[in-house]
Amino acid sequence: MSMAPQELENNASKYASEAIKFDSQGARGMAIANYQKAIDSLVKLLQLYPNSKLNALYKERCNSYHGRIKALQDSHGIEPAVDPEASAEEQKKSVERQEDENDFEELVMKEKPNISWNEVIGLEDAKSALRESIVYPTKRPDLFPLGWPKGMLLYGPPGTGKTMLAAATASEMDGYFINVDASSMMSKWLGEAEKNVSKLFRMARRYAEKEGKPVILFVDEVDSLLGSRNSEVGGEIRTKNQFLTEMDGVNGKGKDLMMYVIGATNKPWSLDWPFLRRFQKRIYVSLPTQEARESLFTQYTKDLEIGARVSSLELAKIFDGYSASDIKDVCQAAHLKTVHELFDSPDYHEPVEGEEAQKPRAITTADFREIMARRKPSVSTEMIRAYHKWSEEFRAL
Ligand SMILES: Nc1ncnc2c1ncn2[C@@H]1O[C@H](COP(=O)(O)OP(=O)(O)OP(=O)(O)O)[C@@H](O)[C@H]1O
Ligand SMILES: [Mg+2]
């Protein structure tokens with residue numbers, strides 16, 4: 001049975017004004033419970049009447065109630081906001097729901113990626129560093145009486161496999177992978193980033209403690225935590241400090257806590273020493289070597305129609321200075337070139353029943369050369385020099 005929109009809206013208003021009343025009296029739990037009920041009514045309204053003109057307004061209200069709930073929870077740690085009349089079971093559910101309903105949902109992926117070490121081409125140093133620090137200790141913690149590094153920083157030019165490496169590490173072990181993008185986190189959380197950083201770590205710890213399985217907290221674009229904009233209300237400094245404190249917790253806590261923080265950045269020079277120091281391993285994820293480029297070409301052309309005289313070795317020589325993701329794009333571009341030609345050719349016709357569909361011609365080395373002439377490597381030699389210079393000083397394997 002569904003309620004009329006008017007009724008739902010009235011309910012929402014009623015709960016909201018109750019909530020505000022409790023809020024002003026300092027009855028935090030009741031305030032939260034009523035804000036939540038107001039949200040529930042609005043959400044129902046949104047679901048029942050997805051085309052209503054008022055929906056933008058309702059969403060805005062939901063957000064502001066959510067915001068208020070969060071602020072109330074944070075002001076005294078997370079404490080149950082429950083309806084005193086509800087059963088214990090219901091109260092517990094309501095608390096869990098509120099915890100789950102915070103902003104992490106969009107930012108955090110708890111799914112396990114499905115990428116194997118073999119798919120990450122080259123980067124042997126990086127792979128073995130991750131294997132030694134994460135995979136081995138989680139298998140045999142008894143062999144590491146002095147503990148082992150829990151903070152790892154992957155740095156290097158864009159498109160070289162930093163994100164991919166973190167994903168492969170996660171998929172090689174039986175555990176949780178929490179993926180947060182620091183730049184979207186900072187812009188989305190605005191003034192609340194500091195609180196949310198601690199919530200995030202708390203959540204990760206809860207997973208690690210609950211099941212005794214390793215948890216990788218992967219913070220992509222970790223440099224954004226330090227902020228380049230000195231605007232706002234100095235929130236970035238506080239956020240950074242909060243992050244440092246949390247990292248100390250991870251590094252210092254019981255050796256058995258299987259929690260890791262992997263940070264990734266392509267702007268390592270914007271990180272300061274207090275920050276770097278907490279990532280005991282700092283791993284350079286470099287442009288692919290000649291050998292790696294060769295494997296990359298083999299890998300990314302394996303499903304394409306390639307001319308018999310095209311050799312990955314030669315392509316690897318032609319594309320010196322290109323990143324792994326450049327190479328992937330180049331292979332795609334070469335293939336698309338032949339597909340476009342097919343569509344543009346005067347003989348082209350739609351597939352006919354009983355006849356084999358027309359296929360693009362095989363890709364030649366000339367196609368690759370033509371693409372190279374049109375696209376530069378995405379990373380300049382100056383940038384590479386900057387990475388090397390930084391590495392000399394700060395790399396730690
Ligand atoms: N070492 C690699 N081996 C195979 N493929 C790679 C490798 N590095 C990058 N790629 C390809 O390029 C894509 C982008 O790589 P990835 O997102 O890991 O780069 P990144 O180093 O995290 O870049 P950014 O600094 O821009 O975040 C990958 O999805 C993959 O298809
Ligand atoms: Mg990345």
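This short report walks through a ligand site, a sheet and a helix in one structure. Keep in mind as you look around that the model is predicted.

Let's start at ligand 1. Its surroundings are made up of 18 residues, and the closest are P158, G161, T163, A324 and S325. Two elements give two or more residues to this shell: helix 7 (162-171) and helix 14 (324-344). Domain 2 (117-287) and domain 3 (290-378) each supply at least three residues to the shell around ligand 1. By residue type, the shell around ligand 1 divides as follows.

| Type of residue | Count in the shell around ligand 1 |
|---|---|
| Nonpolar | nine residues |
| Polar | seven residues |

Five strands form an open sheet with parallel pairing, and their order is 2-3-4-1-5. Strand 2 (176-181) and strand 5 (281-284) are at the edges with a single partner strand each, so one side of each has no neighbour in the sheet. From one strand to the next, the twist averages 20°. For a look at one of the pairings, find strand 1 (residues 151-155): four bridges join it to strand 5, and the two run parallel. Here M152 stands opposite K281 in strand 5.

Finally, turn to helix 16, which covers residues 381-394. From the first C-alpha to the last, its 14 residues reach 20 Å, close to the 20 Å expected at 1.5 Å a residue. How many of the 14 residues of helix 16 are buried? The count is one, and helix 16 is hardly covered.

Definitions and conventions
Residues numbered from 1 in each chain as written. Chains lettered and ligands numbered in written order. Predicted model: local features only at pLDDT ≥ 70, side-chain atom pairs only at ≥ 80, totals over all residues. Near = placed C-beta within 6 Å. Nonpolar A, V, L, I, M, F, W, Y, C, P; charged D, E, K, R; others polar. Domains from an automatic or database assignment. Expected span 1.5 Å × (residues − 1). Buried ≥ 20, exposed ≤ 12 C-beta atoms within 10 Å, placed from the backbone. Pairing = 2+ DSSP bridges. Axes fitted to C-alpha atoms, helices over the stretch in contact; angles between N-to-C directions.
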